[in-house]
Amino acid sequence: MADLAVLEDPKMRRVNEKHGDDHGVNLGKLRALAKQLKTQQDLSRELWATGDTAARLLSLLICRPKAFERDELDTMLREARAPKVHDWLVNYVVKKSPYAEELRLSWFEDPDPVVASAGWALTTERVAKKPEGLDLPGLLDIVETEMKDAPDRLQWAMNHCLAQIGIDHPEHRARAVDIGERLEVLKDYPTPPNCTSPFAPAWIAEIVRRKEAS
């Protein structure tokens, strides 16, 4: 915790707080500290228990993803209110857990939109890597009826799933693009030069173009 306090930068905290992340630690320096510590599951749990955002991010970098029980991961996700902690927990830990599919199904329809967004993120992973058994038309139905009015983080996760279906499944591409064009979700999102817009029709078109060019 003392090492993390030394890494705290007030300017970076102000930037991060605009995105809902209450920490001021440079993530490159945080990763360097994690590299020094190596994998330490007990320390990881202790860091998580502090409730401090920077400590929780470090915790996720030094843990053993497969060492967590299903209910432990469920509790952690519900505690992870900072977007970066939520994102790292899902991507670095839950996706590598033997309980990933069980949690995906449990979280997908959770009444808490932040928890549900994790279910959608895990679904997007399956759309890309293991779509067998998924009801893709059914997912598009949900996106079509619910994405426009969904809370921000759930909307973002649904939009990513919509784009992934369009990118990876040509038979559903036209419908995915049509849904994106009609709903106009993230159409005006400020996108830096040389970055791909999160607006699904533009995102789909750009990634498909790159795949076809490679």
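Glutamate 206 is partly exposed, with a relative accessibility of 22% (buried means under 20% relative accessible area, exposed over 50%, and partly exposed in between, with a 1.4 Å probe and protein chains only). The model is predicted, so local features need pLDDT of at least 70 and side-chain atom pairs count only at pLDDT 80 or more, while totals for chains, interfaces and linings use all residues. Residues are numbered from 1 along each chain as its sequence is written, and side-chain values use heavy atoms, with hydrogens and water left out.

**Glutamate 206 and its partner**

- Glutamate 206 meets arginine 209 in a salt bridge of 2.8 Å, N to O (a salt bridge is a side-chain nitrogen of Lys or Arg within 4 Å of a carboxyl oxygen of Asp or Glu).
- Both residues belong to helix H13 (residues 200-213), where they are three residues apart, about one turn of the helix. Helices here are DSSP runs of H or I with at least four residues, strands are runs of E with at least two, and both are numbered from the N terminus.
- Arginine 209 is partly exposed, at 46% relative accessibility.

**Other salt bridges**

- The whole structure holds 21 salt bridges.
- One of them joins aspartate 110 to arginine 78, with the closest N and O atoms 2.8 Å apart.
- Aspartate 110 sits in the loop between helix H8 (100-108) and helix H9 (113-129), and arginine 78 in helix H6 (residues 70-79), so this pair ties together parts that are 32 residues apart in sequence.
- Aspartate 110 is buried, with a relative accessible area of 15%, whereas arginine 78 is partly exposed at 33%.
- Glutamate 184 and lysine 187 form a salt bridge through their side chains, at 3.4 Å from N to O.
- Glutamate 184 is partly exposed at 41%, and lysine 187 is partly exposed at 42%.

**How H5 packs on H7**

- Helix H5 covers residues 53-62, and threonine 53 is in it.
- The axes of H5 and helix H7 (residues 83-93) are 10 Å apart and meet at an angle of about 5°. Axes are lines fitted to C-alpha atoms, for helices over the stretch in contact, and angles run from 0 to 180 degrees between N-to-C directions.
- That angle makes H5 roughly parallel to H7 (under 35 degrees counts as roughly parallel, over 145 as roughly antiparallel, 65 to 115 as roughly perpendicular and the rest as oblique).
- On the H5 side, Thr53, Arg56, Leu57, Leu60 and Leu61 take part, and they meet Lys84, Val85, Trp88, Leu89, Tyr92 and Val93 of H7 (contact means heavy atoms within 4.5 Å).
- The residues of this contact divide into eight nonpolar, one polar and two charged. Ala, Val, Leu, Ile, Met, Phe, Trp, Tyr, Cys and Pro count as nonpolar, Asp, Glu, Lys and Arg as charged, and the others, Gly among them, as polar.
- Threonine 53 is buried at 7% relative accessibility. Leaving aside neighbours within four places in sequence, threonine 53 touches Asp22, His23, Ala82 and Val85.

**Inside H7**

- The buried residues of H7 are Val85, His86, Trp88, Leu89, Val90 and Val93.
- Their cover includes helix H3 (27-37), helix H4 (41-49), H5, H6, H9 and helix H11 (152-168).
- Valine 93 is buried, with 0% relative accessibility. Beyond neighbours within four places in sequence, valine 93 is in contact with Leu60, Cys63, Pro65, Phe68, Leu73 and Trp88.
- Valine 93 and leucine 60 are 33 residues apart in sequence, with their C-alpha atoms 7.1 Å apart in space.

**Aromatic pairs**

- There are three aromatic pairs in the structure (rings of Phe, Tyr and Trp, the last by its six-membered ring, pair if their centres lie within 6.5 Å; planes under 30 degrees apart count as stacked, over 60 as edge-to-face and the rest as tilted).
- Tryptophan 88 and tyrosine 92 form a tilted pair, 5.1 Å centre to centre with 35° between the planes.
- These two residues of H7, tryptophan 88 and tyrosine 92, are four residues apart, about one helical turn.
- Tryptophan 88 is buried at 3%, while tyrosine 92 is partly exposed at 26%.
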